[in-house]
Amino acid sequence: MTTLADRPSERLEQLWAEEPGLGTWLSTVDHKRLAKKYLYTAITFLILGGIEASVMRLQLAHSNLKLLDPETYNQLFTMHGITMIFLFAVPVFSGFGVYMIPLMIGSREMAFPRLNAFTYWGFVAAGIFMYSSFLIGKAPDGGWFNYPPLTSQSFSPGPNIDFYALGLIFLGLASTGAAINFITTILKMRAPGMTLNRMPIFVWGELAMQVSILFAQPALTLATVMLMLQRHWHWHFFDPGAGGDALLWQHLFWIFGHPLVYIVLLPGLGIVATILPTFARRPMVGYTWVVLAEMATAFIGFGVWVHHMFATGLPSLALSFVSLTSFLVAIPSGIQVFAYLATLVTGKPKLTTPMLYVLGFILIFVIGGVSGVMTASVPLDQTVTDSYFVVAHFHYIMGGVALFPTLAALYYWGPKMFGRLLDERWGKISFWLTFIGFNLAFFPMHILGVIGMPRRTYTYASHLGWDSWNLTETIGTFIMGVGILITIVNLVRSTRRGEPAGNDPWDADTLEWATTSPPADYDFETIPEVRSLHPLWDQPELKDGAQPPELGGRPLAHGHRVLATSLLDAKPEAVVDMPHESLWPFFLTVGLMGFFYGALTRIGLVAALGGFVSLVSIVGWIWPRGQTQEM
Amino acid sequence: MDLVETGKPGELLPHVASGARSLSWWGMALLIATEATLFALLIASYWYLRFRAGPVWPPHGIEKPSLGLPLIMSGILWSSSIPAHWADRAIQKGSQFRLRLGLMLSWMLGATFLLLQIFAEYPHSLKINPPSSGSYGTLFFSITGLHGAHVAVGLLVSLWVQARAWQGAFDEHRHVSVQNFVMYWHFVDIVWVFVLATIYLSPRFL
Amino acid sequence: MKGERAYLRRFSVLLLIALAGCATKSPSLLDAKGPAERTASSIWWPMVWVATAVTVFVVVMGAYGVVRGRRIREEDIRRDVPWGDRFILIAGLGVSGAILIGFFVFSLARAATLARAQPGLEITVIGHDWWWEIRYPNGAVTANEIHIPAGQRVNISLTSVDVIHSLWVPQLGPKIDLIPGRTTHAWLKADQPGEYRGQCAEYCGLQHAHMAFFVIADPPNDFVTWMANTANPATPPSSALAMQGQNVFLSNTCIGCHAIKGTPANATLGPDLTHMATRTTLGAGTIPLNANTLAAWIRNPGQFKPGVTMPPTTLTSQELNALVTYLLSLGFPAR
């Protein structure tokens, strides 16, 4: 038996370090490097989605403008929705999760590092696949919910909808893989002693998000595969003439689509529940209720999808039932807001930039929430659905939760990831511009909806009095854009010139702050034993560095290893070997890319080649190499 | 049994895990959960379109599906779970021979099922209700096709596991890949219960 | 002080904007002109006031937290908050639950009122890319204008021939989708005579933005006359120019899509033109109808509605002039 040195950090460094830079850029399986890739890519898509929105807002700034022709506008609003939801909101929270979850639960890695790599590459590839449609001017133009018959072959004969369907199927493979990875990690790799009721709320939020993805994604995959089969092989799912039904798409889409909004909401609320207690200088009041509320929202969220179909003439019994569940789903969200308020009034709130973003978010979330409750009422919804009122509602909620907690997290966790603080003064400026711009951009939409403006319209008549509100919204959009850009520039500059952050600049309570900033390749020098919901506030030894083995710290330094623990009580069960860098996830992505382009162009050879490369990559991936013990 | 130190004084933990202690077992269980949801939604779509179509089902001109071949296929498929289960138990006790035999028998039964579907059942169905003929044909081929694809993938995975078994990769401690495959295979067989009930039995009895 | 004052500032600005919204001339759903819309929008104000109260409560409590925080020291913070669970459950579950269920029951009652079937004139509305076809029980067919008798209920059956559309008249009632392969049902009733603007409210392709229509509530006697007149064949051309125009119509591609009752033209791909001169707009509310706009429209409809199904024509200006004269003569006969 080898005697370990007192601090085995050199050994761990050898075991866990990947070659930096280009050498392992394609083959990295390090959760921190993959997470940063997720974040950079997601933010790039945020900018692209923002550009799409800005161009649309220019077209809508005044009545009857001819800046854009209708086809271009329709492609822009479709891609804006797809980009913001699928390519920004969901991946950005996955990205923060990939970085922070192993750290917050006291692990060195996620359960399946190569799968982690594949889900990132798959995300980028699917995004590139869909965006490549712009190169031939045939971006999807059926709206992000893509209803047939408009999107069937007869009314959309071009490849636009094929880019949509195939791109989302591709993305769905990545999302499903990520969900499996997250859930296994959270359930089976928590540090010893981190029982479920000592798990941070952000981790609960991500668990709720990923479980929802696991059960919601199949609905979208099914609908898009059905649409492709109908479009190109003339199968009959949605065309009424041959026994199909247009509403089948709507049901399947919204069975996915409604949980999707909670998929975006829950990790965002988890971030709020992380940042707010830190700067209120006290634990979250009502932790148990907040956790139950997160899970209840996810669960009830699967039972409300029909509220997107209130105007379709469905039987009133169905509408009434769904109206009830739609009212009730607001309760757990409200519970979380009241927990935040209780935490604020019993703490000492410090108005740092991340805290400002969190507070701004709470107001925005409440406004979005109450407008959502209004749409739970069937008759009221039937007057406001498909109008700008509903555009206001979902931008307050989705834009609110995807943007504000994300920006807060960049200021909060950026220092952990890059080792340097962002500029606080520019941070506050960015907050006010983003917050003011956001409200100017979206609040008037409530009014426009009420005064009759339908959504998804590329222009509007001049005698209706809609001009001034539209102009206000356009101005607000640009102000918000400036605010967001300031944050991005702030982040980039801080990575080089920011003040060094130290391990724990905020004096926070969760385990990620026990590591260096940025963390070493091996994250934790010893896997800590956790004895509290607030490890860094209650276990002072964690603030000094590695938890010594006498107090429970496990160096686990004899291999490239992590600890697997039991589901409920996180009792150590096994030691698991983790794989090293691998190019196979990337090659699998390339193969799938080929397959999907082959399917798009209907060139069988390309599809077959892509399929072949994919198969070879899977074999290469699982080929036994003695790195892991399982295959 | 391979035990390793964690570095905490006196603590030794297994280096190989199986069943719910294994991470990959959870991976497979979660994959099954998502695929089960996919099948559930597709079968729900069948019922949805059927009840929108009204009382005549299959639609006019299409005969009700015959039961003989599908029932034989069902027997073959379901019985393939028995040697698979047997193989799984065998390796947990360390028996290499029974592992290999069980997996091979299971594979042969599964392959027979798939061959019957592709070469006996489908040619007949393509004649009377091809997918392009209407929602009935579309649903028939969607549901049986999705299931058949899962059988095909299972057969491929089984070949891999069998190859590893022949290489001696598994023993009484290290066998989670066998467990994962068998779990998947049972899942595919259970799904067939719903496929049989929906596609073949319901037009006759409901 | 910064956080709290900022909130109040922010909120009052938003409130002002909201209040200003009431004073416009758009077809606002708060400007209910019929019982259906009154029923639906009666839910609006109670919900807005409660929503505002909730928002104000959240802002005030949050601001209080910030202000109080400046007065206390970090060491004084006590982890244990004995009223915490009670507050969360009472506010989040109890009070919120009661309010939400209350609104649910209130909405249910309103929905039941709206759903109550009552007798009325039965008409059919059929959605097309990008125009509305309306058919009356006496055989009258028109486009883009739904005439109804003021003060009386009209029951509508709706469907579509192509993609999903949605009928929305903000001042008169909730929306209802037009779905191919299905028939949906709604009803319209306007208290007073008047013209009420509607627009398609389900994205239906290139010209979704230009698929408006008008519900025209006529005094009941006028409506009876209108419906009878509309069912009649077209006014025969009375001048030589109009006669020439009719020949231009019948010998060109026009008859491939448009019907004019009383002539051989009976296609239904495009709007029925039998009495088109009684309408006030072209292209489903896109441009007003007069000799100049009609000529420009026929020459190239795509300049107003890019992507519209109707193709440009190659008529000479003389033919076009005659055609316009003919079409503008397709009104009702003078009494």
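Strand β8 of chain C, residues 184–188, is largely enclosed by the rest of the structure, because 4 of its 5 residues are buried. Here a residue is called buried if 20 or more other C-beta atoms lie within 10 Å of its own, exposed if 12 or fewer do, and partly exposed in between, with the C-beta atoms placed from the backbone. Strands (E, at least two residues) and helices (H or I, at least four) are DSSP runs, numbered from the N terminus. The model is a predicted one, in which local features need pLDDT of at least 70 and side-chain atom pairs count only at pLDDT 80 or more, while totals for chains, interfaces and linings use all residues. Residues are numbered from 1 along each chain as its sequence is written, and chains are lettered from A and ligands numbered from 1 in the order in which they are written.

**Strand pairing in chain C**

Strands of a sheet pair through backbone hydrogen bonds, either parallel or antiparallel. Two strands are taken to pair if DSSP finds at least two bridges between them.

Strand β10(C) is mostly covered, since 6 of its 7 residues are buried. The table lists the pairings described for these strands.

| Strands | Sense | Bridges |
|---|---|---|
| β9(C) and β10(C) | antiparallel | 6 bridges |
| β4(C) and β10(C) | parallel | 5 bridges |

**Contacts between chains**

Two residues are in contact if their C-beta atoms, placed from the backbone, lie within 7 Å. By this rule, 86 residues of chain C are in contact with 77 residues of chain A. Among the elements that give two or more residues to the side of chain C that touches chain A are α3(C), α4(C) and β8(C), and α4(C) gives the most, with 19 residues. That side has 48 nonpolar, 25 polar and 13 charged residues, where Ala, Val, Leu, Ile, Met, Phe, Trp, Tyr, Cys and Pro count as nonpolar, Asp, Glu, Lys and Arg as charged, and the others, Gly among them, as polar.

The contact between chains A and B takes 46 residues from chain A and 41 residues from chain B. On the side of chain A that touches chain B, α6(A) gives the most, with 8 residues, and the residues of this side divide into 29 nonpolar, 12 polar and 5 charged.

**A residue of chain A**

Val606(A) is found in helix α18(A), residues 604–622, and counts as partly exposed because it has 17 C-beta neighbours inside 10 Å. Not counting residues up to four places away in sequence, Val606(A) touches Gly594(A), Tyr597(A), Gly598(A) and Thr601(A).
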